[in-house]
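Student: Please take a close look at a single part of this model and describe how that part sits against its surroundings. A plain account with the cut-offs will do.

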Amino acid sequence: MARALALAEAGLGTVWPNPAVGCVLVQGEQVVGEGATRPGGRPHAETEALAAAGAAARGATAYVTLEPCAHHGRTPPCADALVAAGIRRCVVATGDPDARVAGRGLAILRDAGIAVETGVAEAAARALNEGYFLNRQQGRPWVTLKLAVSLDGRIALGSGVSRWITGPEARCQVHALRASHDAVMIGAGTARADDPMLDVREGIETPRPPVRIVIDPRLSLRADSRLAASAADQPLWLLHGPLGDPPALPGARLFELPPGRGGIDLAAAMARLGGEGLTRILCEGGGTLAVGLVAAGLVDELILMTAGKVIGGDGLPAFAALGLTSLDDAPRFTLAEHKALGGDLMSRWRRA
């Protein structure tokens, strides 16, 4: 199961709207086939493992990180494929919350006389696909907010200059984070100030680049920006408020949303993005978008890349004003991990 989980993890960011799944087929002590969900969500992990095993799948034990699917989509159900291959036993880490599966895959296996064991490494399997579970259960993607900050919590100089607060090791980690998420999101202010590409670099390769999302209530993104100019090569989605006549931005997908704090209703935005199949979004700021997401209770994980620098009170804060009158009302996060990245410190916090 540990091997199956490792196979699944490698697919994060590339398999949406499907979950990242791994499957390992074993005869005795020998692995006879293994596979993971392929980019775009097809083929599924079980299909890949069965193809690798061939005839050796008969009588084997299958270790699968998520309940095999039971519904007909672009491919037949994986539960049926495992039955047809003649496996003897199936060990499943956790069930699938999708209403089209939700126990049906396990029932197909058991009805065929296959011994089924569940709950092996379940916590790890659920953690791996937190975004998928959240999408199926609440209709929105998992949101990771990443901020590169100084020791005094500033993300840029007062002039807006922010390159580079952190060192190369931290920046490399950010590109790895991008590769493991379905989409990267920023606010319109960051798009105007930094003119970013939001692509994956630093020697990290991904077969499916993340969707680039800009929260842009007034559709202020310039047509000659690097994001707009590359929209034909890497997906660009612009989320905006009600506009009479939206400007033409060739290659970009436009999503009109109701107004709200900071320009658009962020809860409605997350629901819309969840409906589009996104399961994991990495938000890279800036301060207005960051505070809007936190205030709306939409940040599931907060990652701080903290540099050993002091910028001072004239720098731009990581979070815009929350308007709190009591510390009891402050959004709370609990520390999940911290580690050194070169001369910087990465800390990972989970919503309390």
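Tutor: Two strands pair if DSSP finds at least two bridges between them. Helices (H or I, at least four residues) and strands (E, at least two) are DSSP runs, numbered from the N terminus. This is a predicted model, in which local features need pLDDT of at least 70, side-chain atom pairs count only at pLDDT 80 or more, and totals for chains, interfaces and linings use all residues. Residues are numbered from 1 along each chain as its sequence is written, and side-chain values use heavy atoms, with hydrogens and water left out.

Five strands make up an open sheet with mixed pairing, in the order 2-1-3-4-5. Strand 2 and strand 5 (115-118) are its edge strands, each pairing on one side only. Within the sheet, strand 1 and strand 3 pair in the antiparallel sense over four bridges; C23 stands opposite V64 in strand 3.

The part to look at is helix 2 (residues 45-53), whose buried residues are A45, E46, A49, L50 and A53 (buried: under 20% relative accessible area; exposed: over 50%; partly exposed: in between; 1.4 Å probe, protein chains only). These residues lie on the same side of helix 2 because they cover an arc of only 125° around the axis, the arc being that of the directions from the helix axis to the C-beta atoms. Their cover includes strand 1 (22-27), strand 2 (30-36), strand 3 (61-64) and helix 3 (78-85), where contact means heavy atoms within 4.5 Å. On the face turned away from the buried side, helix 2 carries the exposed residues A51 and A52. Just after helix 2, G54 has a positive phi of about 60°.
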